[in-house]
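Work through the exercises below with the model open beside you. Try each task before you read its solution.

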Amino acid sequence: MKRQDFFFELPDELIAQQPAQERRGSRLLVLDPNAEVDSSVADARFPDLLNYLKADDLLVFNNTKVIPARLFGQKSTGGKVELLIERVVDEHTVLSHVRSSNAPKPGARLIIEDAFEVEVQGRQDALFILKVLSDQTALELVEAHGHMPLPPYIERPEDQQEDKTRYQTVYSSKPGAVAAPTAGLHFDEALLEDIRNKGVDIGFVTLHVGAGTFKPVQVDDISEHVMHSEYLEVDETLVEQVRQARAKGGRVFAVGTTSVRCLESATLFSCSGEIEPYQGETDIFITPGYEFKQVDGLLTNFHLPESTLIMLVSALAGYQHTMHAYEHAVAEEYRFFSYGDAMLILPKNPSAEV
């Protein structure tokens with residue numbers, strides 16, 4: 001397929017610049033891939049998600065925690081620099097995007113937030129290897145002095161109080177992401193409790209979302225696109241939860257495309273062909289024609305035109321169904337992207353055609 005196949009017109013005013021007043025206050029578009037395309041979508045509110053879940057289903061969340069990865073500083077010569085930490089490598093080393101008038105050379109020192117120094121060690125492709133020159137760890141310093149790395153399509157200054165809370169899921173626990181797994185932003189503690197009380201199991205994977213999630217597809221033939229790599233963890237507890245859900249006849253719902261990437265990678269990289277614990281990198285690129293091994297349904301936000309994420313959604317829901325759902329969302333003025341509304345893709349019946 002071609003990149004242009006996934007284009008749709010999106011008015012700027014539909015790009016959400018602020019979160020909903022309450023986490024659960026968003027709208028929910030429900031897409032049934034078993035229905036005829038023209039009658040496959042329904043409009044709902046986010047708490048209506050409960051109506052589509054059954055006892056013994058499993059919801060899989062990504063528990064990564066967004067770190068305040070954007071920092072500002074200056075070179076020793078006085079020139080301004082901006083860092084966007086992509087990955088914390090160890091206690092004193094990070095990989096970072098660096099924006100400045102001239103790229104700093106190895107050995108250069110940068111003064112960050114008037115609080116600490118880093119030394120440029122070299123390059124790893126487009127990223128700079130930076131060593132933190134402090135007794136404090138890199139993560140401690142980032143947490144103390146950094147700014148939340150709001151996506152490029154949020155065109156307003158950071159609200160340090162609100163964004164620090166709302167651009168983070170209520171269940172985040174493992175620091176390392178530079179972008180939020182946004183489908184999870186709609187859940188509050190009370191809704192999670194309601195889900196458990198219905199007999200639905202809740203499990204967690206970890207995928208540290210990188211800035212590459214915003215990287216546009218620049219080739220016309222999507223099979224030629226080189227996918228960015230991200231770190232993930234799928235543990236034995238989650239694997240057992242998947243097995244138990246299957247044994248009881250339950251369905252596996254991924255909360256967000258990052259959870260999809262975790263579940264499918266932990267299966268593709270196993271020796272048995274079944275899901276197994278996995279810890280490491282993934283650059284899985286899911287496009288229409290992909291056969292899902294673990295994911296039945298998906299809860300996700302609305303994604304950028306021509307992005308790898310809308311391609312993943314199309315692989316699960318079907319291309320025609322997906323593009324119809326997006327056309328409906330635009331016509332009905334749903335809010336798009338990170339702080340926007342959500343879409344629930346229901347599982348396909350075994351007999352349903354792709």
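The exercises cover cysteines, salt bridges, backbone angles, distances and a charged patch.

This is a predicted model, in which local features need pLDDT of at least 70, side-chain atom pairs count only at pLDDT 80 or more, and totals for chains, interfaces and linings use all residues. Residues are numbered from 1 along each chain as its sequence is written, and side-chain values use heavy atoms, with hydrogens and water left out.

**Exercise 1. Cysteines**

Task: Find how many disulfides the whole structure holds, and explain the result for Cys262.

Solution. 
- Step 1. Search the whole structure. The count is zero.
- Step 2. Check Cys262. The closest cysteine sulfur belongs to Cys271 and sits 19 Å away, so the gap is too far for a bond.
- Step 3. Check Cys271. Cys271 is in no disulfide either; its nearest cysteine sulfur is that of Cys262, at 19 Å.
- Step 4. Compare the surroundings. Buried means under 20% relative accessible area, exposed over 50%, and partly exposed in between (1.4 Å probe, protein chains only). Cys262 has 0% relative accessibility and is buried. Cys271 reaches 82% and is exposed.

**Exercise 2. Salt bridges**

Task: Count the salt bridges in the whole structure. Then describe the pairs Asp163 with Arg156, Glu240 with Arg243, and Asp296 with Arg246.

Solution. 
- Step 1. Apply the cut-off: a side-chain nitrogen of Lys or Arg within 4 Å of a carboxyl oxygen of Asp or Glu. The search of the whole structure returns 15 salt bridges.
- Step 2. Take Asp163 and Arg156. Their closest N and O atoms are 2.9 Å apart. Asp163 is buried at 0% relative accessible area. Arg156 also counts as buried, at 17%.
- Step 3. Take Glu240 and Arg243. The N to O distance is 3.6 Å. Both lie in helix H4 (residues 236-247), three residues apart, which means a separation of about one helical turn. Helices here are DSSP runs (H or I, at least four residues), as are strands (E, at least two), numbered from the N terminus. Glu240 is partly exposed at 33%, and Arg243 is partly exposed at 38%.
- Step 4. Take Asp296 and Arg246. Their closest N and O atoms are 2.6 Å apart. Asp296 lies in the loop between strand S15 (278-282) and strand S16 (297-301), while Arg246 lies in helix H4, so the pair ties together parts 50 residues apart in sequence. Asp296 is partly exposed at 23%. Arg246 is partly exposed at 32%.

**Exercise 3. Positive phi**

Task: What are the phi values of Glu113 and Glu306, and where do these residues lie?

Solution. 
- Step 1. Read Glu113. Its phi is near 55°, a positive value in a residue other than glycine. Glu113 is in the loop between S8 and S9 and is partly exposed, at 24% relative accessible area.
- Step 2. Read Glu306. Its phi is near 65°, again positive in a residue other than glycine. Glu306 lies in the loop between S16 and helix H6 (308-317). Glu306 is buried, at 17%.
- Step 3. Link Glu306 to its partners. Arg3, Asp220 and Glu306 are joined in a network of salt bridges.

**Exercise 4. Sequence and space**

Task: How far apart are Thr64 and Leu232 in sequence and in space?

Solution. 
- Step 1. Thr64 belongs to strand S4 (residues 64-66) and is buried, at 0% relative accessibility.
- Step 2. Thr64 and Leu232 are 168 residues apart in sequence and 9.3 Å apart in space, C-alpha to C-alpha.
- Step 3. Ala115 is in the loop between strand S8 (109-112) and strand S9 (116-124) and is partly exposed, at 39%.

**Exercise 5. A charged patch**

Task: Which residues gather in a patch of negative charge on the surface?

Solution. 
- Step 1. List the members: Asp12, Glu13, Asp43, Glu155, Glu332 and Glu333.
- Step 2. Inspect Asp12. Asp12 lies in the segment before strand S1 (27-31) and counts as exposed, at 61% relative accessibility.

Note on methods: Patches are made of residues with over 30% relative accessible area and no salt bridge: like charges are joined within 9 Å, nonpolar side chains (Val, Leu, Ile, Met, Phe, Trp, Tyr) within 5 Å. Accessible areas come from the Shrake-Rupley method with a 1.4 Å probe; for residues, only the protein chains shown count as cover. Lys and Arg count as positive and Asp and Glu as negative; His and the chain ends are not counted. The place of a charge is taken as NZ of Lys, CZ of Arg, CG of Asp or CD of Glu. A disulfide is a pair of cysteine sulfur atoms within 2.5 Å.
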